[in-house]
Amino acid sequence: MSTSFASSLDALSGWRSALLTSLESVARFLTDHELADVQIEAQLAAVRERLAQEKLVVAFVAEFSRGKSELINAVFFADAGRRILPATPGRTTMCPVELAWDGEEAPGLALLPIETRLNGQSLGELRQQPRQWKQIELETKNPERLAETLREVMRTSWVSKDDARALGFWNDETPDDNPPLDEMGRVEVPAWRHALINYPHPLLKQGLVVLDTPGLNAIGAEPELTLSLLPTAHATVFILGADTGVTKSDLAIWRDHLGTDPLSRFVVLNKIDALIDPLASPAVVREQIASQVSETARTLAIPAERVFPLSARQALAARVADDPAGLAESRLPALEDALGAELMPHRRALLERVVVEAAATIENHVARHVLDRRRQLAEQMLELRGLRGKSAGKLQMMLQRVDAETSEFEACTTKLQAMRAVHSRMLKDAMVDLSSDRLREQVGQMQEQMSASLLNLGARKAFVALCQRLHGLLGAAAKRSGEIREMLSATFGKLNTEFGFSLAVNPGPDLERFADELRLIEKSYTQYLGLTQALRLSQPKFMEQFRRMLMSKLRVVFENASAEMELWNKSASAQVDAQLRERRRAFRRRREALERIQAAAGELETRLGELEAQDGRLQGFQGRCEELTGALRRQARSGMRGETATMISIDLPLSDEPEPSMLRHAAQA
Ligand SMILES: Nc1nc2c(ncn2[C@@H]2O[C@H](COP(=O)(O)OP(=O)(O)OP(=O)(O)O)[C@@H](O)[C@H]2O)c(=O)[nH]1
Ligand SMILES: [Mg+2]
C-alpha cells in the first residue's frame, strides 16, 4: 500500500533496523575486547529491545456506528479487496479489538470470553494465559473466509438480568443507560471481552498496533480500556459523523476519555458522502463541510486543522476499485499524511534520545577503562626502561620491590570487604521501599479505605492518598540511593589515593523517571475514578479487577525502579572487582617480566616492545570505540532516510601477546 502513512512507517522501520545493526557492532566490539561491564551490557540490551519491539499504537475511539471499523478497513485492509472488519449499521464491534502482528504466532483471532470478568482477573494478567482465550485460525489468503471469521467479534448472547449485572452490563442506579430487555426479560451482552487479531499486514509487521473500540459510552465498557490501553496509545483518532456533528454522547466520550490531551487527538468528521445532495451544487456541499469542520473545532476547543472531514466508505470503495480520483474525493489521504507526519518524528525523537544517551555512556566507560589500563602500562614501562644497563643486584632489588608493593596492595582487600558489607546493607535497606510486599501493603490500605466509603469521592480520595504514599516510597529510595552514592564516592576516593585505583562513581539511578510514570498512572486513574462508571467499584468483582489492574501497573513501575537501582549498584561493585583483577594481573606480569629479564639478556627490550604494543592497542580500542559510537550517533540523528553510516570492521583480538601485524593495524586505527 503506498499511503504516506505507510511509507513513513517504512522509513522508521528502516532506520530502526539500521540502528540495530550498528548497535550490534558496538556490542560485539565491546564483548570481543572485554570492554563491557554489567551496566553497559544491560543498557545495550535494553536499547536493543526497545528498538526491536517498540510498538506504535493507534486507537480509534468513538460512539457506536461512527465508522471506526470502516476507517480501519480503508486505511489498513483495502488491499484485501473487500471489507475485512465487520462494519454494519447499529452496534457492530462489541468488544475492543487489537490488530497486531507477532511473527512467533500463526495468523489468528484470539477471543477472551466475557465470563472471565467474573473472576476479577485483569486483562493484563489474562494476556499471559493463552488457555483462557478461544483461538481461531485465520485464512489470510482468502478474504471471504477472513471476513467471515472476523464476524465473530460481533457475537452477543442473551443472559438474565442478574448475570448481566454481575458482568457489569446492568446498573440499577443508572436505569437510563441500561440496554433494552427482550420479551423474556433477558439482556443482550457481548460474548467476548477482548479480541486479538494476529495478522501479517506490512504495517503491523513494522510494529504498528491498531485498536478498534466499541462505543465507549456503552455501559459495561472494560475499565482496562480506559485505564491502560487508551492512555498508552501514541495516537488517538476520534470519529464523529459529518451528518450528525458533535452529539451529546460524542461530547461525553471526548470529555471523559480524550479531553485531557485534546491537542494530540486526530478528529475525523466521517461520512461526508452523506452530505452530498443532488439538489445542491458541489460548491455548496464543500461549504457545508467547511462549516461543520469549524463548528466541530469550536465545540471541542481544538484548532480546525485537527479536524479531518472524510468518507471512510468512499475511501475503502475507491481503494478496492483502484480509483485515485475517488480516493482523493474521499479526503482520506489528508488524515493519513497527518498521522504519518506527526507520529513518526515523535517516535523517532524518543528512540534517538535513548540511543544517543547509550552512546555517551559507552564512550565514557571505555575511555575510563582504557585510561586506567594505559596508566598502569606507563608505570611498568617506566620501571623497565629504568632497568636498561642495570646489574643483576639491581634486578633482584626490583623483584623485592614488586613483592613488597604487591603485599602492600593486598592490604586493600580488608578495606574492600568492609566497603562491600556496608554497601550491601545500605542497598538492602533501600530496596525494601521498592519491594512488592511494600507495594501490596499500600494498595491493600487503599482498598480498605475505598470499601469503607461507597461514594466515588471517597474512592478517589483513597487513591490520591495511595499515590502520595507511593511517591513517598520512591522518594525514600532515591534518598537512600543518594546516601549510597556518597558513601561509595568517599570510599572510592580513599581507595584511589591509598591503593592507586581509579574508581569513579557513575551518576546515580534516575528514579525521577519512575515518579513520572507513577504520575501518568495517577492521572488516568484519577480521571477514571471521577466517572460515573467507577460506581461499579462498589461491586466486589470489579473492585478486585480494579485492584489487580492497578497492582500490575504499579508493580511494573516499582520492579523497574528496583531493577535499575540494583543494576547501578552491581555496576559499582563490578568496577571494583574488575580493577582489583586488573591490578593483580599487572603485579603478576611485572614479576614475570623481571624474572624473564633476569634469566636471559635481551628479554628487557622484548618486554618493553610488548608493553608498547599493548599500549598502542589500547589507544586503538578507544579510537575504534569512538568511531563506532560516533557512527551510531550520526545514524540516530540521520533522520528516517535509513542512511547507513559506513561500517569498517577491524577485529583486534585481546591477547596478552600481540602479533606484530596487529600492532600496525592498531596504529592505523
Ligand atoms: N455513508 C457512509 N457510511 C459510512 C461511512 N463510514 C462508515 N459508514 C457506515 O456506518 C456504519 C457503521 O460503521 P462502523 O464502521 O461499523 O462503525 P463503528 O464506529 O465501528 O461502530 P461500532 O463498531 O458499532 O462501535 C456502517 O454501516 C458503515 O458502512 C462513510 O464514510 N459514509
Ligand atoms: Mg466497529
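An oxygen atom of ligand 1 is 3.0 Å from an N or O atom in the side chain of Arg313. That is a polar contact (a pair of N or O atoms within 3.5 Å; within protein, one must be able to donate a hydrogen and the other to accept it, and residues adjacent in sequence count only if both atoms are side-chain atoms). The protein covers 95% of the 640 Å² of accessible area that ligand 1 has on its own. Accessible areas come from the Shrake-Rupley method with a 1.4 Å probe, and for residues only the protein chains shown count as cover.

This is a predicted model: local features need pLDDT of at least 70, side-chain atom pairs count only at pLDDT 80 or more, and totals for chains, interfaces and linings use all residues. Residues are numbered from 1 along each chain as its sequence is written, chains are lettered from A and ligands numbered from 1 in the order in which they are written, and side-chain values use heavy atoms, with hydrogens and water left out.

Stay with the ligand. The backbone takes part too: a polar backbone atom of Gly67 is 2.9 Å from an oxygen atom of ligand 1. For Thr92, a backbone N or O atom lies 2.7 Å from an oxygen atom of the ligand. Around ligand 1 there are 21 residues, and Ser65, Lys68, Thr92, Thr93 and Asp273 come nearest. Here a residue is near if one of its heavy atoms lies within 4 Å of the molecule.

What classes make up this shell? It has four nonpolar, ten polar and seven charged residues. Ala, Val, Leu, Ile, Met, Phe, Trp, Tyr, Cys and Pro count as nonpolar, Asp, Glu, Lys and Arg as charged, and the others, Gly among them, as polar. Helix 3 (68–76) and helix 11 (312–320) each supply at least two residues of the shell. The largest share, three residues, comes from helix 3.

Now step back to the whole chain. Its secondary structure comes to 21 helices and eleven strands. Helices (H or I, at least four residues) and strands (E, at least two) are DSSP runs, numbered from the N terminus. Along the principal axes, the C-alpha atoms fill a box of roughly 110 × 60 × 45 Å. Of the 669 residues, 48% count as buried. Buried means under 20% relative accessible area, exposed over 50%, and partly exposed in between (1.4 Å probe, protein chains only).

Next, look at the backbone in two loops. Most residues other than glycine have a negative phi. Glu34 has a positive one, near 50 degrees. Glu34 lies in the loop between helix 1 and helix 2 (38–53). Is Glu34 buried or exposed? Glu34 is exposed, with a relative accessible area of 51%. Lys271 also has a positive phi, of about 70 degrees, although it is not a glycine. Lys271 sits in the loop between strand 10 (265–270) and helix 10 (282–300). Lys271 is partly exposed, at a relative accessible area of 29%.

Ser638 is buried, with a relative accessible area of 9%. A polar atom of its side chain lies 2.7 Å from the backbone oxygen of Gln635.
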